[in-house]
Amino acid sequence: MELRVNGKVYKANVSPETPLLWVIREHLRLTGTKFGCLKAICGSCTVLVDGEPVRSCSFPVKNAEGKEITTVEGIPRNHPVKIAWKEVGVPQCGYCQSGQIVQAYALLSKNPRPTREEIVSAMNGNLCRCGTYPRIIRAIMRASEMLR
């Protein structure tokens, strides 16, 4: 199976039903995407497939073949989302942060000027056990300012 991840083409000899998360982490060794609940509930494993956020723990790799997959490693270091995340000091334990950053990146890619309510709605499915939600919202608003 051939996959395009973060602009590079990879080959993986896996079952088509293998969750995309396992392929990304175990076969491609891109470990930024985190294993969380394995039930597509927490959002730690969020990646983009053709620009749309998906929970890679429950997304069969066959559904990603021929599409562009973006992981947290594929978001440039100088992207406003990553800069704002550092400026605001969002991470606490950090475990959910890669999924949060990918979800925020997807939001701002489609809506560079979201309202607070739109941010809350877009980020609603990404859980943070440390409760950094207010800082996540501030970071997205700051990233939005940088995009103007």
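Leu 3 and Val 5 point to one face of S1 and are buried, meaning under 20% relative accessible area with a 1.4 Å probe and protein chains only.

A quick word on the source. This is a predicted model, where local features need pLDDT of at least 70 and side-chain atom pairs count only at pLDDT 80 or more, while totals for chains, interfaces and linings use all residues. Residues are numbered from 1 along each chain as its sequence is written, and side-chain values use heavy atoms, with hydrogens and water left out.

When I say strand or helix, I mean a DSSP run, numbered from the N terminus: E and at least two residues for strands, H or I and at least four residues for helices. Two strands pair if DSSP finds at least two bridges between them.

Now, the partners of S1. S1 and strand S2 (residues 8-11) run antiparallel, joined by 4 bridges, and Leu 3 stands opposite Tyr 10 in S2. The hairpin of S1 and S2 has 2 residues between the strands, and Asn 6 there takes a positive phi near 55°. With strand S5 (residues 68-70), S1 runs parallel, through 2 bridges. Here Arg 4 stands opposite Glu 68.

Let's step back to the whole sheet. It is open, with 5 strands in the order S2-S1-S5-S3-S4 and mixed pairing. S2 and strand S4 (52-55) are the edge strands, each pairing on one side only. Helix H1 (residues 20-27) packs on this sheet and touches S1, strand S3 (46-49) and S5; contact means heavy atoms within 4.5 Å. H3 packs on the sheet too, touching S3 and S4.

Finally, how do helices H3 (residues 97-110) and H4 (residues 116-123) cross? Their axes come within 10 Å and cross at roughly 130°. That makes H3 oblique to H4, because angles under 35 degrees count as roughly parallel, over 145 as roughly antiparallel, 65 to 115 as roughly perpendicular and the rest as oblique. The axes are lines fitted to C-alpha atoms over the stretch in contact, and angles run from 0 to 180 degrees between N-to-C directions. As for who meets whom, Gln 100, Gln 103, Ala 104 and Leu 107 in H3 meet Ile 119, Ala 122 and Met 123 in H4.

Terms used:
Buried means under 20% relative accessible area, exposed over 50%, partly exposed in between (1.4 Å probe, protein chains only).
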